[in-house]
Amino acid sequence: MTLGRDGMLLVLAWAAGIMDAVAYLGLGVFTTMMTGNTALLAFAIARGELAPIVRAGLALAAFSAGAAIGALIAGRRRSRGEWPSVVTEALACEGILLGVLTIVWHVAGPAPTTGVTGLLVLSSGLAMGVQAAAVRFLGVPGVSTTYITSTLTTLSAELVGWTRPVEQGRAQRIRLLAAVFITYGLGALVGGVLQSRASMLVIWLPLISVVAVVVNALVRYRHEPFEPEPRGDARSGVGGSVTPAMTLTPVGQNDSTRRLSTPPHTLAELFLGFLSIGARSFGGVLPSAHYVMVEQRHWLTPEEFTETIGLCQVLPGPNVGNAAILLGKRWLGLRGAVVAFLGLFALPYLWVLALALLYTRWAVRPLVSAIVTGVGAAGAGLFMATAVKLGRPIARKPAAVVLMAGCFVAVAIGRVPLLVVMPIAVIVGLYCSRRRML
């Protein structure tokens with residue numbers, strides 16, 4: 001037996017109530033109820049207290065960013081039915097963020113440092129922002145599992161309207177609104193009791209609740225139909241419209257190869273693509289970037305990917321980070337560059353902070369040392385496999401092979417500084433490209 005839409009909304013309200021109690025009692029801010037958090041920020045500013053100002057400001061920023069992420073996920077396509085699949089996907093993202101929060105909470109212990117407290121506020125605020133946006137896309141009038149003021153206001157208005165002529169469905173709406181309000185309060189009560197007793201169970205309850213909703217939705221609505229968003233042939237960009245055939249297509253490439261490249265059409269698609277690259281990266285981003293952009297989503301052909309990474313290696317900074325900015329700008333303008341960069345680094349930032357805390361605590365254990373060694377070996381293997389994939393398009397071009405071999409000999413054998421080799425290689429590469437040799 002599975003829960004329907006209203007039942008899952010109650011579970012989410014329960015999780016939000018617990019999260020607010022935990023955040024306020026344990027971290028000093030609200031990470032769900034932004035009305036109260038705004039008041040706390042104002043109080044801190046009035047008193048001139050720096051630490052509360054930073055915590056409250058970070059909570060507001062994290063919640064806003066989480067709501068934007070949730071809107072990108074849930075709004076990327078139109079869906080029919082009472083529980084669209086995109087809402088489940090957004091809540092799955094919330095579950096990942098709550099998982100990071102739970103890990104960091106356990107590692108930090110009862111007295112977290114200032115930096116760890118900031119990470120806890122960040123991850124919880126992001127998670128609750130995603131939930132708020134996901135529930136909004138359900139389109140249930142007046143119901144919010146995080147913004148309880150809205151729910152209470154709508155409930156009061158509906159109760160006043162109850163004295164007027166009977167309207168179909170009003171009684172059901174009143175029951176749902178009252179149940180959401182009461183469930184949120186019960187969640188806050190349970191969270192407050194457990195938090196005051198320093199129970200480690202309290203931080204698990206929001207995670208378990210959201211995971212239960214995701215699993216229930218997958219089971220109950222697995223056949224839910226959806227309508228993909230219409231995709232036009234042109235998108236606005238810098239200097240005019242951009243079409244898939246115009247993006248990063250090498251000079252002289254034939255039409256059949258050009259049609260293999262189908263870049264993203266929306267900011268949501270771009271963000272989720274780079275979010276999946278960052279989330280699954282293991283031992284380096286390049287293998288995951290090649291898999292997602294070339295093999296899975298077909299944003300680039302193998303030749304285009306190799307040329308893009310080659311260009312980004314010349315620029316300062318991480319190669320795939322440069323590629324995210326370059327491709328996002330080319331496909332969807334300045335907003336695309338920002339969205340692609342944030343999507344790529346959002347989850348890895350949380351992963352690194354969480355894993356750093358775990359490693360600092362358990363690095364001396366032999367099992368952890370063995371795991372790190374194995375991860376390093378696996379990362380090296382992935383990097384080598386990606387190098388082979390990148391080399392396939394180059395292997396068919398003699399001039400490229402000669403240029404690559406020359407750079408290897410100069411740097412690895414001749415010990416010529418890279419700062420000397422790179423400008424020469426760029427000039428030679430540009431000359432060969434203009435002569436159609438590359």
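A nonpolar core is a set of buried Ala, Val, Leu, Ile, Met, Phe, Trp, Tyr and Cys residues joined through side-chain atoms within 4.5 Å. Buried here means under 20% relative accessible area. The model is a predicted one, and its largest nonpolar core has 70 residues. Within that core, Trp83, Leu91, Leu97, Leu98 and Leu350 touch the most other members. The element that gives the most to this core is helix H5 (residues 114–136), with 12 residues.

Leu350 is itself among the core residues that touch the most other members.

For the chain as a whole, the secondary structure comes to 16 helices and four strands. Of the 438 residues, 41% count as buried. Among contacts between residues at least 6 apart in sequence, 69% join residues at least 24 apart.

Next come the charged side chains. How many salt bridges does a search of the whole structure find? The search finds one salt bridge. It joins Asp6 to Arg5, with the closest N and O atoms 3.1 Å apart. Asp6 has a relative accessible area of 22% and is therefore partly exposed. Arg5 is also partly exposed, at 21%. Both values fall outside the buried class because that class requires under 20%.

Asp20 lies in helix H1 (residues 5–27). This residue is buried yet has no salt bridge. The nearest side chain of opposite charge is that of Arg55, 13 Å away. What does the side chain of Asp20 reach at 3.2 Å? It reaches the backbone nitrogen of Met33. Met33 is also among the contacts of Asp20 beyond four places in sequence, together with Phe30, Thr31, Thr32 and Tyr184.

Gln195 is found in helix H7 (residues 170–196) and counts as buried because its relative accessibility is 18%. Not counting residues up to four places away in sequence, Gln195 touches Val22, Leu25 and Gly26, as well as Trp105 and Val202. Glu303, in helix H12, is buried with a relative accessible area of 19%. The C-alpha atoms of Glu303 and Gly391 are separated by 9.6 Å, although the two residues are 88 apart along the chain.

Gly273 is placed in helix H10 (residues 267–280). Its relative accessible area is 0%, so Gly273 is buried. Met293 is 20 residues from Gly273 in sequence, and the C-alpha to C-alpha separation is 7.9 Å. Leaving aside neighbours within four places, the contacts of Gly273 are Val292, Arg297 and Trp299.

The cysteines can be checked next. A disulfide is a covalent bond between the sulfur atoms of two cysteines. How many disulfides does a search of the whole structure find? The search finds zero. Cys93 is buried, with a relative accessible area of 10%, and Cys432 is buried, at 9%.

The last stop is the backbone in two loops. Most residues other than glycine have a negative phi. His298 has a positive phi of about 60° although it is not a glycine. His298 is placed in the loop between helix H11 (286–296) and helix H12 (302–314), and at 39% relative accessibility His298 counts as partly exposed. Arg415 likewise has a positive phi of about 60° without being a glycine. The loop that holds Arg415 runs between helix H15 (398–413) and helix H16 (418–434). Arg415 counts as exposed because its relative accessibility is 66%.

Note on methods
Residues are numbered from 1 along each chain as its sequence is written. This is a predicted model: local features need pLDDT of at least 70, side-chain atom pairs count only at pLDDT 80 or more; totals for chains, interfaces and linings use all residues. Side-chain values use heavy atoms; hydrogens and water are left out. Buried means under 20% relative accessible area, exposed over 50%, partly exposed in between (1.4 Å probe, protein chains only). Lys and Arg count as positive and Asp and Glu as negative; His and the chain ends are not counted. A salt bridge is a side-chain nitrogen of Lys or Arg within 4 Å of a carboxyl oxygen of Asp or Glu. A polar contact is a pair of N or O atoms within 3.5 Å; within protein, one must be able to donate a hydrogen and the other to accept it, and residues adjacent in sequence count only if both atoms are side-chain atoms. Contact means heavy atoms within 4.5 Å. A disulfide is a pair of cysteine sulfur atoms within 2.5 Å.
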